[in-house]
Amino acid sequence: MIRSLRWKGAAFTLPFQLGFVFLYLLPIGYAVHESLYREHQSGLGLGGATTEFAGLGNYTQGLTDSAFLNSILRVVLFACVQIPVMLFVSLVLALCLDALTSRVAGRFRILLLVPYMIPGVVAAIMWVNLYSPDVGPLTPLGKVFGFHWNFFAPSMVWPSIGNLLTWHGIGYNMVIIYSALQGVPRELFEAARLDGASEIRIARSIKVPYVRGALVLTGLLSIIQMLQIFNEPALFRNVTPQTVSDSFTPIMIIYNQAFNAGNYHYAAALSVLLALILGVASFLFYRFTSKEAD
């Protein structure tokens, strides 16, 4: 009877298991397989191309590809600034909501979630138009106050993208942190107030330590998302191709190798390398933050 119940329980996970195998494991295995081969054209390239086994040749080329390595470094440096800013704003908003009554907090929570409900591509198109000096209101508004900014200038591209990502992501991260705050025992707040602690002291000494796990989770998800950034730079490239090149981010390089250059095997190798880098970065971040929590 126990064995029968176990099989019935396992049957409930069958749709997930099938989706995991067909949507994750098989594509990863196929990408690894394709990354081990390389197309070779004989003569002057006029003949047909032949596929030959390359071993780790594509990986060696990827690890020495300056454009690919520079794009990773570019995104990592950007993430070191954008992710802490976004998580800090999300934490402040979550703390502010926690100080309100449940009814009022629910209304503001829905309002702050609206940007996250907008698809990423739509949000990027919307902000590109807002940044536009021709149709957007931000450039004329800046001139009223004496600012002559160009959101598509080389020095402003990353801040413009960072503002877009922060606006789009604070609601999602705020909800995770706010949910963690709801699990903090309210008796601690009353005891701290009786001891004369201010609301800022309560937030800093009680609430923030309790939501450290939520901050680690949101930071981990933000790192994974940041290294895969594609939509925003791709749309910015349509507006300012002289500033945003086709090798601006790792995913843009992989996309161009696969669909523009037709080099699917090299693109597969770069995808596997990026996945390994994501895994290592996530592991190191989790281990570091876990030690800090201990």
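Arg193 lies in helix H9, which covers residues 186-194. The model described here is predicted. Arg193 counts as partly exposed because its relative accessibility is 35%, a value between the 20% limit for buried and the 50% limit for exposed. Leaving out residues up to four places away in sequence, Arg193 touches Glu199 and Ile202. Ile125, 68 residues from Arg193 in sequence, is 47 Å away in space, C-alpha to C-alpha.

Helix H2 takes in residues 14-35, 22 residues in all. At 1.5 Å a residue, H2 should span 32 Å, and the 30 Å between its end C-alpha atoms agrees with that. H2 has a bend of about 35° at Val21. Its buried residues are Ala31, Glu34 and Ser35.

Helix H8 runs over residues 157-181 and has 25 residues. From its first C-alpha to its last, H8 reaches 35 Å, close to the expected 36 Å. A kink of about 40° is centred on Gly169 in H8. H8 is mostly covered, with 18 of its 25 residues buried.

**Packing of H8 against H11 and H12**

Two packed helices are described by the angle between their axes and the distance between the axes. H8 packs with helix H11 (residues 212-226) and also contacts helix H12 (residues 231-239).

| Pair | Angle between axes | Distance between axes |
|---|---|---|
| H8 and H11 | about 155° | 9 Å |

The angle between H8 and H12 makes H8 oblique to H12. The contact is made by Ser160, Ile161, Leu164 and Leu165 of H8 and by Glu232, Pro233 and Phe236 of H12. H8 passes H12 in a right-handed crossing.

Angles over 145 degrees count as roughly antiparallel, and H8 and H11 are therefore roughly antiparallel to each other. The crossing of H8 and H11 is right-handed. On the H8 side, the residues that meet H11 are Leu165, Tyr172, Asn173, Ile176, Ile177 and Ala180. On the H11 side they are Ala214, Leu215, Leu217, Thr218, Leu221, Ser222 and Met226. Leu165 of H8 is listed in the contact with H11 and in the contact with H12.

The spacing of such contact residues can be read against helix geometry. An α-helix has 3.6 residues a turn, so residues three or four places apart point the same way.

Met226 is placed in helix H11. Met226 is buried, with a relative accessible area of 5%, which is under the 20% limit. Not counting residues up to four places away in sequence, Met226 touches Val75, Phe78, Ala79, Gln82, Ile83 and Leu165. Thr249 is 23 residues from Met226 in sequence, and their C-alpha atoms are 9.9 Å apart.

Pro233 is found in helix H12. Pro233 counts as buried because its relative accessibility is 0%. Apart from neighbours within four places in sequence, Pro233 is in contact with Ile161, Val244, Phe248, Thr249 and Met252. One of these, Ile161, is among the H8 residues that make the contact with H12. Arg38 lies 195 residues from Pro233 along the chain, and the C-alpha atoms of the two are separated by 29 Å.

Definitions and conventions: Residues numbered from 1 in each chain as written. Predicted model: local features only at pLDDT ≥ 70, side-chain atom pairs only at ≥ 80, totals over all residues. Heavy atoms only, no water. Helix = DSSP H or I, 4+ residues; strand = E, 2+ residues; numbered from the N terminus. Expected span 1.5 Å × (residues − 1). Bend = angle between axes of the 7 residues up to and from the residue. Buried < 20%, exposed > 50% of the residue type's maximum accessible area, 1.4 Å probe, protein only. Axes fitted to C-alpha atoms, helices over the stretch in contact; angles between N-to-C directions. Parallel < 35°, antiparallel > 145°, perpendicular 65-115°, else oblique. Left-handed = near helix turned anticlockwise from the far one by under 90°. Contact = heavy atoms within 4.5 Å.
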